[in-house]
Amino acid sequence: MAAPLVPLHIIVFLPVIVGAVTYFLPQRIYQAAMLLGTVTVTFFSVQLFTAVRWGSDVVQFVAGWPEVVAIKLVADGFSAPMVMLTALFFTSAYIFSTRAGYLDKTFIFIFLMLEGALFGVFLSGDLFNIYVIMELAMLTVAILIMYKKEQQAVYDAMLYIMMNFIAMAFMMLGIAYIYRITGVLDLAVMQVRLAELSDPRTVIVPYAMIMTAVALKSAMFPLFGWLPRAHGAPSAPAIVSAVLSGIQVKVGVYLLVRLSIVFSPAIDAGMFFLMLGFLTSIVGFLLAIVQKDIKLILAYHTVSQVGLIVAGLHLGTDVAFWGGMYHIINHALFKGLLFLSAGIIIDAYGTRSVNEIRGVLRHMPIIGIATLAGVLGITGAPFFNGSISKYFISRGVQGNLAEIGLYLINFGTILSFIKYSTILFGKPSGKTPKPLMDPFVAGISLLFGFAILAGGVFGSQAVSLIYGPQYAAHGALSMQKILTFLLTFAVGLVVYRTLILRIGDYLAGIRTFKFSFNQVTVFISLFFVLLLGYTYLSVQ
Amino acid sequence: MAFVMEFLSQLTMSDLAVALFFIGLYGAMTQRSIIKTIMSIGIMDVAAITFFMMSNFEAGARSPISGTDPQHMADPVPQALMITAIVIGVSVVAMCLAMYMRVVYRYGTADWNILIRRLED
């Protein structure tokens, strides 16, 4: 297979450069120019993916400096699919919002700057470069959250930026430590030098510092406080929420995988992250069930799904690992779709309360069908993509505690989405919504819905196409699996009717409970100490 | 007393930087005033930068610019990187301060706990 058409840094810089050069153009032409730019980047990223997938890894040293000295960009089996996913997702989201009212030049520019930053994180093979680009992504995300300057958006963004900045300070101190010990910032060389260490205990402090930052970025328990504020921010436009939940939170998961591999010669904290993944997932869906705001239901549910992904990645079997990797893509598809359609629903009904929105399926059929596809995907219904990745994750854990944990998580997912799907049926209590007339919204929603279905029907092929390993997925469609799903669904329905609806009023305390900035900082410190203690005890 | 003096004389710049980092963290954990927490995270950032600067430190090393004998040159990597980190730190703190001003004008308080209560109303 051919080499990539363009050097890797072009892919990172192209959205930013196009945005900056054409900034003087009037709004409509600018929008078209940026569409052209992001489509071009998508083309390059798909071509890069094919070159990596059926060729070899692409390694590039920026400015021609020798290895170790240069900033390295790497496209390999992990990063190339993520880059492709990011490009496709951003382009779809951009087309989706073609006619949206909030779109102006500055917004478009910052939005696509975030795209470039995410490419940078995925392609970077240098620890300090990752730090710099993550700071850039953090600033752009903060601006996007408070772009409409409504209500408490500025407060949400301030909290987001300060929490993340503390985590990034931890990360920089960790990078400084690791630079002292190994003398390099290049991840591949660092891995080699870590293997040569006489005493692995010397790197537990930098490991704990860097991983604390990564855990906050991937919203692990108890550091997920920023995520619902950022992703479910009432004033954030639909595409911002979709991009944050679909792609940006996966940066943390991606770095968790990447850096775990780098540190693997010295430290293995897989068990810690496995437990943490389950814990995050369970806490996430519990908090999702008690929410009333549909965006907050989705945002807390992102926490739960990220926990599931992290648990899958650390279960220890290959099939569960690739199941987790596939779930990253699946989650981007269905959560992206759900957030995009939720934005349209909120605009049409003028409310965010799950109790007031009714009859979406009748009044907005296309959005309703898209939402239904997203819900079926996320609950792991047979023939939809969630079932495949969840099946892969659950394979190889038969008959132990982890299996019960996975059942519990899926049950919680179904329960919270039974609550969410009540918006689809019934009669609207207030005004009837205005009908949907936007072909871009409809087209992209159906495209996402179709991708969710295709990812389920051709699940096994999709995994081997994107990542390489071959696993049979017909077990996900066995009679037993379908029966289990239907039974779980029925139990969920009964539990929702009998329990959740009745105790709803008592849950208000949990719903409005929020941590202050000081408490969050205490959690970050506690997490650091806990991880430090765990690695100290586990490393001999 | 002699023990304390000896301990103090053995402290390096890096140790002080780590101490400063955790002092900043303590401030972020305990201060209820928003402006003081912004100061605290600024201190954490500066401490991390100082710590990075002191890596591979050698007494008597010369600045890594052209013309210096490579044998006596200080490690150029931390210096090059920390320029970037300082700029990032300044811009993030500046952004925090800008948001702080908006929040203060809007809600009329500079205290995290009072702010949360006002947001719920």
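This is a predicted model: local features need pLDDT of at least 70, side-chain atom pairs count only at pLDDT 80 or more; totals for chains, interfaces and linings use all residues.
**Aromatic contacts and a helix pair**

The charged end of A:R53 is placed over the ring of A:W54, at 5.2 Å from the ring centre.

Over all chains, the structure holds 31 aromatic pairs. One of them is formed by A:Y177 and B:F51, with 4.7 Å centre to centre and 45° between the planes, a tilted geometry. This pair joins two chains, because A:Y177 lies in helix 6 (residues 153-182) of chain A and B:F51 in helix 3 (residues 34-53) of chain B. A:Y177 has a relative accessibility of 23% and therefore counts as partly exposed, whereas B:F51, with a relative accessible area of 3%, is buried. Elsewhere, A:F78, A:F321, A:W322 and A:Y467 form one aromatic cluster.

Helix 3 of chain B, which carries B:F51, also packs with helix 4 (residues 76-107) of chain B. The axes of the two helices are 10 Å apart, and the packing angle is about 175°. Angles over 145 degrees count as roughly antiparallel, and helix 3 and helix 4 of chain B are therefore roughly antiparallel to each other. On the side of helix 3 of chain B, the contact is made by residues including B:I34, B:I38, B:I41, B:D45 and B:F52. Helix 4 of chain B contributes, among them, B:P78, B:L81, B:A85, B:V93 and B:Y100. The residues of this contact divide into 16 nonpolar, 3 polar and 1 charged.

Note on methods
Residues are numbered from 1 along each chain as its sequence is written. Chains are lettered from A and ligands numbered from 1 in the order in which they are written. Side-chain values use heavy atoms; hydrogens and water are left out. Rings of Phe, Tyr and Trp (its six-membered ring) pair if their centres lie within 6.5 Å; planes under 30 degrees apart count as stacked, over 60 as edge-to-face and the rest as tilted. Helices (H or I, at least four residues) and strands (E, at least two) are DSSP runs, numbered from the N terminus. Buried means under 20% relative accessible area, exposed over 50%, partly exposed in between (1.4 Å probe, protein chains only). A charge sits over a ring if NZ of Lys or CZ of Arg is within 6 Å of the ring centre and within 35 degrees of the ring normal. Axes are lines fitted to C-alpha atoms, for helices over the stretch in contact, and angles run from 0 to 180 degrees between N-to-C directions. Angles under 35 degrees count as roughly parallel, over 145 as roughly antiparallel, 65 to 115 as roughly perpendicular and the rest as oblique. Contact means heavy atoms within 4.5 Å. Ala, Val, Leu, Ile, Met, Phe, Trp, Tyr, Cys and Pro count as nonpolar, Asp, Glu, Lys and Arg as charged, and the others, Gly among them, as polar.
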